[in-house]
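Subject: Structure for your files, with notes

Dear colleague,

Please find the structure below, handed over together with my notes on what was found in it. I would be grateful if you read the two side by side.

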Amino acid sequence: MGKVDSPNSYLTGKRIRGAVFRWVACGFAVAWLAASLPVQAAPKDLTLWRMCQRNPDTTASNLCLLEPGQVVREETRALADKTKWRKFAQQFSMLFAPKYHSAADTLGMSGFNLGFDYTMTSVSKGDHWNDALEGVERFADLDPYGDKAREADNLLSTFQFAIRKGLPYSFDIGFDATYFLHSKLFYFGMNVKYAFLEDFHDYAPDVALRLNYGQLFGSTDLDMRQFGWDLVISKSFPAAGVVEVTPYTGYAFLVSFLRPGILNPSFDAYLEDALLKLPDRDEIIHRWYAGLKLIVATFHLAPEIQVSSVEAYAISFNLGAEF
């Protein structure tokens, strides 16, 4: 059964929700404009043309380092390092995988949730990240200004802004915007949750199913879209009379569709050459997550950890409010 709100609680929060909705709409508009503005390349922007079989040889035989205007024939075209590309695709998908920070119970028809998340995703070190990021060049002789790192960080950070709205019949709908720190990459997503077991019994947990979709923006090198679902179980407990403690855990299934563009720093439209075209990848990622939501009055704090079937895991923190 869904939560039932009293008329007084609805009228009390109506003006607050109206102001918050207007503020949230402005926030999303600013984020969308920021993602579309042409700015100088950032250290963690993507440079996927280096996802080929690189070596430190700077001669013309190294096809990753062709000079501008040099012809690329079919028989001499660079070959993709598919192992490197596969590992990057898996871990990059995990970087933008949905963060939940919510229990199985729903907000109620008049409920509204606003939250900010900070996430640290740990990935494996290697050339799959070293050759994918603008701010890294592992060969010193190819970095004449000396302003690039020789190795990529294995701890990557994202910020997320999320809103959720309660609907009738134990449904919630949510929207989120994620920013990859030190890049121009943004990820916009949405989700729908249905709590098919909610407030059933004093001792019974709540159980919900959630569907999500998201898409990457800000890169000409890569188009990425993700679909997934997760099953979450939770139970709320009062503590000290002022805090509501809700542990939750769940399993999440994610399919990530990665579609690279034609990657060629020496592209010549008249010659119709293409240095490198990475193969499309469809990655399936299994994730298990657990968190603890602490609610005091209208505010909540929720740390969460996610482990996955790929070489990456994430730790995130959420701070928000419910109205």
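The count of salt bridges comes to 17, where a salt bridge is a side-chain nitrogen of Lys or Arg within 4 Å of a carboxyl oxygen of Asp or Glu. Please bear in mind that this is a predicted model, in which local features need pLDDT of at least 70 and side-chain atom pairs count only at pLDDT 80 or more, while totals for chains, interfaces and linings use all residues. Residues are numbered from 1 along each chain as its sequence is written, and side-chain values use heavy atoms, with hydrogens and water left out.

One of the salt bridges joins Asp-153 to Lys-44, with the closest N and O atoms 3.7 Å apart. Because Asp-153 sits in the loop between helix 3 (127–130) and strand 2 (155–167), and Lys-44 in the loop between helix 1 (7–36) and helix 2, this pair ties together parts that are 109 residues apart in sequence. Helices (H or I, at least four residues) and strands (E, at least two) are DSSP runs, numbered from the N terminus. Asp-153 is partly exposed, at 47% relative accessibility, whereas Lys-44 is buried, with a relative accessible area of 12%; buried means under 20% relative accessible area, exposed over 50%, and partly exposed in between, with a 1.4 Å probe and protein chains only.

Glu-151 forms another salt bridge, with Lys-125, and here the closest N and O atoms are 3.6 Å apart. Glu-151 lies in the loop between helix 3 and strand 2 and Lys-125 in the loop between strand 1 (112–123) and helix 3, so the pair links parts that are 26 residues apart in sequence. Glu-151 counts as partly exposed at 43% relative accessibility, and Lys-125 is partly exposed as well, with a relative accessible area of 47%.

Asp-131 pairs with Arg-138, the closest N and O atoms being 2.9 Å apart. Asp-131 is buried, with a relative accessible area of 0%, while Arg-138 is partly exposed at 21%. Through salt bridges that share partners, Lys-84, Asp-127, Asp-131 and Arg-138 are joined into one network.

Turning to the nonpolar cores, the largest has 31 residues, of which Leu-48, Phe-88, Phe-92 and Phe-96 touch the most other members. A nonpolar core is taken here as a set of buried Ala, Val, Leu, Ile, Met, Phe, Trp, Tyr and Cys residues joined through side-chain atoms within 4.5 Å. Helix 2 (82–95), strand 6 (222–234), strand 8 (243–260) and strand 13 (312–322) each supply at least two residues of this core, and helix 2 gives the largest share, 6 residues. A second, separate core of 8 residues includes Ala-104, Ala-195, Val-232 and Tyr-248.

Strand 11 (residues 281–296) pairs with strand 12 in the antiparallel sense over 8 bridges, two strands being paired if DSSP finds at least two bridges between them. Trp-288 stands opposite Val-307 in strand 12. Strands 11 and 12 form a hairpin with 2 residues between them, and Ala-297 in the turn has a positive phi of about 55°. Strand 12 also runs antiparallel to strand 13, to which 9 bridges join it; His-300 stands opposite Gly-320 in strand 13, and a hairpin through 3 residues joins the two strands.

Ser-122 lies in strand 1 and counts as buried at 13% relative accessibility. Ser-122 and Ala-312 are 190 residues apart in sequence, yet 5.4 Å apart in space, C-alpha to C-alpha. Leaving aside neighbours within four places in sequence, Ser-122 is in contact (heavy atoms within 4.5 Å) with Asn-154, Leu-155, Glu-311, Ala-312 and Tyr-313. Ser-124 is placed in the loop between strand 1 and helix 3 and is buried, with a relative accessible area of 15%.

With best wishes
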